[in-house]
Structures are given as structure tokens and as C-alpha cells.
Amino acid sequence: MNVKQKEDEIDKKVNELLEKLTLEEKIELISGGTQWSTKPIPRLGIKPMFMTDGPHGIGPHSSGEKECTYFPVGICRASTWNENLMTEFGIALGEEVREIGYHVILGPGINIIRTPMCGRNFEYQTEDPFLNSRLVVPTVQGIQSRRISACVKHYICNNQEHWRLWVNAIVSDRALHEIYYPGFKAAVEEGDTWSIMGCYNRINGHFGCEHEKYLKEVLMNEWGFRGFVVSDWGALNYVESPGVCIRAGLSLEMPKANRYEKSWVKRELDSGVFTINDLDEIVRRLLRVMFFVGLFDDPSTLPEGSRNTREHQQVARKIAAEGIVLLKNEGDILPLDENSIKKISVIGPNADKKMGNGGGSSNVKPPHEITPLEGIKELLDGKATVVEELDAESDVTIVVVGLDHESGTDGEGGDKKSFSMAENHEKAIFDALEASKKVVIVLVNGSPLDMTPWIDKTPAVVEAWYAGMEGGRAIADVLFGRVNPSGKLPVTFPKRLEDSPAHASEETYPGIDDEDEGPFVKYEEGIYVGYRHFDAKNIEPLFPFGHGLSYTSFLYENIRVTPAKASLKLDEEIEVKVDITNVGQMAGAEVAQLYVEDVECPVDRPPRELKGFQKVFLQPGEKKEVKFTIKADYLKYYDESESKWTVEPGEFKFHVGSSSRDIRQVTSFYLEP
Ligand code: GLC
């Protein structure tokens, strides 16, 4: 039986089951039975469906305190720019959920990183819609290959934690189509995610969980989403009525019936706020995914689960190693030579700090967590003396600083209180600069932060993010050159917070609490999020989107495009090729990026937009041809006046380089009418 036949089979069973359900039973099914599961309907053999946090590992709070693999966080995974690795991650995460006997993982989180201040930036991926889309698809496919449902969140525009439960995000249709939809659209259309989590906040006046336009019209009718939408936990506490949410297509209120309370639902059914067809449709979506995840199958026929395995820890370490970004390396201070160093100081508040407790629902309780200090000690294995204080005798001082998950920094429920690191973190840097002949900064954080007080005084800076339970080993591998760093920033690091597009005024961030309208935040920057803004306004970032150095160097040559001109039909594609050579002494991987510039356009467009990337691994001296496939769609912009995607014939430029600001090759393409 092929997939289509299987799914028709499932839909037949779903409809048969739907027929048998009473009204009461249908209403039972659409709200939580426990904090982490739906209600069973024993009469019909419907078991509870179990859901667990979170985006980078199973949470202890939602799994009965289970120890599970703590994978690198979203922004670290995104820094790998490696789609295959996202598949591996998804499979491993799905296997862990399968092993504990659950059915849905509440992740990945893919809200666009609009401001450096959002407390949950670490859980998300990027500021760029194309990268967001390319990485969420393999993650979802990996998870669901184990018949575990992904639950892509938080739909939509949950880009800050400040007032998250009720803030009204005022966003233009063009910004929704070009920036905020794409990740979710790809997760549905290409990833076939079986569930989506509705956000707490409002978008253009209505709560995400009651919004008929974004749920029914866009998600279901336009994109063809066939799974179920679950509310964020407690998100219905502020909506006006159950009927509006049922009509909009919200299948499940978690953790329990607040609005989806039986008598209230019945009253609104009787008064015509929604119809029995609306109710059947949301129940049908729930039942469909229950079949997908094997709720009605003999457990012995379902994919094997596994948890805390060496394999999963290796996946975590591989992601960490590829997600670490070498930001600066003046004088090639790095890599350090493990055979010549006699003494090394490893200091800083994050040197020996465990980060698994991820600041809220994304926390994980791993069987172990290797800190940077432990990773360095293990790698050196007695070959050098490792001290945990400043010592003028040390050949090098590693200062591990950044943020953590304490309140007011990288955590859920609130945004960062400051763009800077805490004082003791900066002090550790200044003390080291004072006392040591060679200083290397390692950042352990989950979002852009202020580096201007010290960046010009430090020759080497490594961005390690919250790199998971194996992060300390990966950091040591990069510092001592056992791994050649290949990570690339998925977000812009601004020099000053006010340079960031969201920080134009109080209305644009964190918003205004209007006494009539309630709190709102205006996305006045529109499509100019992240590097789009910095490029359009010619603002120099501290480190640009796509930036990441290597211990070797790469030469880009011989860009060519075929065809050089065409009047593209929808399914036609353009091929851009570039030859890349490793001209250094060390093997390494390079993420070549392709940005499109629309030279002649009647509307304002960003100077360049990411529309392709390829990660290529090269031995010293090795050359490879790298190919980008540009679809006709990639040239389009969303015309708000016509409410449709469109493109103007004329010249386009393809910029290929090592970051959004390190363009190595450019070529033109002419789109004919
Ligand atoms: C939280 C989070 C969401 C999480 C859910 C369950 O409030 O916003 O990401 O999955 O509730 O813990």
C-alpha cells in the first residue's frame, strides 16, 4: 500500500470513529485530561495522546522527571547551516520521545529573532525566513520519521516574551508573507508537520488561538495543513469564547478545559457561534494525528525508541561542534597547540556552569553535561596544568562568559533586562586582559549581546551558544583545533541595541500598554528585519548575519549562471555555480551563501536576501563546484496592494560569499517579461 492509500485508509478510519463519537465525547477530546495528555475515550478504544516539551530535548517536568539528551539549542543548531544534521537531530529527538512512550514533542520553536532582547531567542533559529524554512523542514521530517508528531511553535509572531500572554503584534501583510509565515509555511507544505502550537499573543487584534484568518484561511486552506492546532498552555484564558476558537480551527485546549468547558461549548453550539461541522473538523484533525502517531497500533509495530544513548550524545556533540562560530581570530591565536601549552587558566562565570535548565519549558535534565572547563581538562588530559584562576604563568587564559537562564537573561516568560552581559562577566574579561599575555573569549549565551566594551582589546572570540550536554567537549575540540569551526551566525550582532530595527521606538519594542487597546507592539520595520535593515540603512554590524571564520581559507572563483536570462515559468529554475578551493593548510567546511538583489523594482526591497546556501567540506588544496538552485519564487516579493506574490522583469544580481557582508562573487541574471 503506498502512502496515499495508507492515508486514505486512515481517513476512512477517522471518519468511522467520528461517526461513533457522541457530542459529549467530542467535547471531551478537545481539551487536556492531564497537563501533558488528552482525555481517553475508553468506550471507543481512544487512548490518551501524550505531549512533552521541548525544542532541544525532553523536559523533566513533562515526562515524569526523565533524564534525556540535552541537544544544542535552536540558535546553535541554526549556526550549523546543515540540513542533514537537522534530520539527524530530529530522528534522535523522535527516538527519545518514542522511548518514553509519548507521541508529540512540543518543538521546534521557529519564531523569527526580531530583537536581541527576546528571552527565548536561544530556543529559536534565526532572523532570516529562508534559513528558518530550510532548517525546520528536515527537523520535522526527522522527528516524524519515528511516528512522533512535531509541534512547530509558536504560531505566529511570538517574537518577544514581554507581555507575551496578551501583547498585540501589529504586523503588515507583506512582513507576514516575506518574514514571519515562511518557516511555518515550509514546516506545513514541505515538512508536513502534524501539529502546530498556537501562540499566546494577539496578531493584528486577535489572539493566535482564535484567529480565523491565520488558522483557517492561511494555515489550513492556503497551506493545506492537515494536522491539529494545540493552544499554548493556558493561551485560551484570555480569548472571548470557545466558539470563536473552534470556528477558527483550534483542535485542542491545553492543559485543561478553560474555554473548552463542556457546558460553555454546548451553549455556543446551540447559539450558533460555531457548527457541528466545525467541531467535527477539529476532532477529525486530532484523530488523524492519533492514527499517525500509532495510538491505535500494536506498540510492537511502532518504530523503536532509544534514550540517553551514545549515538544521541554523538549527534549532540556533532551539532555543537558545527554550531560553534569563530567570530574573531586576530594573529591566528587559535587553534591552541595542546602539545606545547604547559599551563592554561580557564576562568569566567560560565566556565563551569551547567545550562541544561533552559529557563522554563525548554529545560532538560541530561545524564551529564560537560562544561567548557571539564571539556578542556579532559582534552588536555594532564598534558598541561589547568588552573581555574588568573595566573601570569599561564600560556593562555580562556575566559568563558555570556548569559545564562536566570531571570532577566535568556529565559522564558520575560525578555532580557539588558543588552550587556552581567558586570561580573565583563569584569572577568578585563581582569584577564590585565593579567594575561594571551586571552581567548568563549561566549556561552543564546542571543546577541553587547561586546563593544572589550571586543577591540581581545584577539580571539568564539561564540559557543548553549551547546548542549556535550558542549564542553565541542568547545575544547574547536579551541585546540581538533575541529575546524564552520559555524555561521544566523542572526546579526549589532554594535548598539539602537541599531537593531526593532528598537526604533518604544512602540516598536517593547510596545505600549494602551489603556483601551491593551498592550501592543508595532512591527514598523516591516520586512526590514535583521541584516535586511542593516544593509538597507548601511549600518555596520559588530558581526554580520552569516559571519563565521575558519582555521583555513576559502577561495571563490568562476561564478556562472544558467540560463543568464529567461522569462521564468513557475517551475523553472536558475543554476548558479561557483568553484570553491580550500587554500589553507587545514581541512574544513565552508557555508557558501547566495543573496539575491532585485536591481530594478518598483517597490522597496532589501539590498540582498538569502536565497541559497551550500555547506561544502574541503581538504587542503581541494576544489569543488558548488551549485545553488534558484527557483522562480525566490525572485518574488509580496505585493500588498494586490495581495499576491509578484516579480518585475529586469536585472537581478546573485551575490555569493562567506557572509552577508563578505561577498566574493557576483553575477547578473535578466528576467524577461
Ligand atoms: C509554555 C511555552 C510553550 C511550551 C508550553 C508547555 O508556556 O510557551 O513553548 O511548550 O507552555 O510547557
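This is a predicted model: local features need pLDDT of at least 70, side-chain atom pairs count only at pLDDT 80 or more; totals for chains, interfaces and linings use all residues.
**Reading sheets, helices and a ligand site**

Visitor: Which residue is the bridge partner of Ala169 in strand 18?

Guide: In general, strands of a sheet pair through backbone hydrogen bonds, either parallel or antiparallel. In this case the partner of Ala169 is Val521. Pairing requires that DSSP finds at least two bridges between the strands.

Visitor: What is the strand order in that open sheet of five strands?

Guide: The order is 9-8-6-18-17, and the pairing is mixed. Strand 9 (206-207) and strand 17 (512-514) are the edges, each pairing on one side only.

Visitor: And what is the order in the open sheet of six strands?

Guide: There the order reads 11-16-15-14-12-13, again with mixed pairing. Its edges are strand 11 (325-329) and strand 13 (385-387), and the twist from one strand to the next averages 20°.

Visitor: How should I read the packing of helix 4 and helix 5?

Guide: Two packed helices are described by the angle between their axes and the distance between the axes. Axes are lines fitted to C-alpha atoms, for helices over the stretch in contact, with angles from 0 to 180 degrees between N-to-C directions. Helix 4 (residues 83-99) and helix 5 (residues 129-144) have axes that come within 7 Å and cross at roughly 35°. With contact meaning heavy atoms within 4.5 Å, the residues of helix 4 that meet helix 5 include Phe89 and Ile91, and those on the helix 5 side include Leu135 and Pro138.

Visitor: Which residues are closest to the ligand?

Guide: The closest are Asp53, Lys153, His154, Tyr200 and Asp232, among 13 residues that surround the ligand; near means a heavy atom within 4 Å. An N or O atom in the Asp53 side chain is 2.6 Å from a ligand oxygen. For Lys153, a polar side-chain atom lies 2.8 Å from an oxygen atom of the ligand. The side chain of Arg164 has an N or O atom 3.2 Å from a ligand oxygen.

Notes. Residues are numbered from 1 along each chain as its sequence is written. Side-chain values use heavy atoms; hydrogens and water are left out. Helices (H or I, at least four residues) and strands (E, at least two) are DSSP runs, numbered from the N terminus. A polar contact is a pair of N or O atoms within 3.5 Å; within protein, one must be able to donate a hydrogen and the other to accept it, and residues adjacent in sequence count only if both atoms are side-chain atoms.
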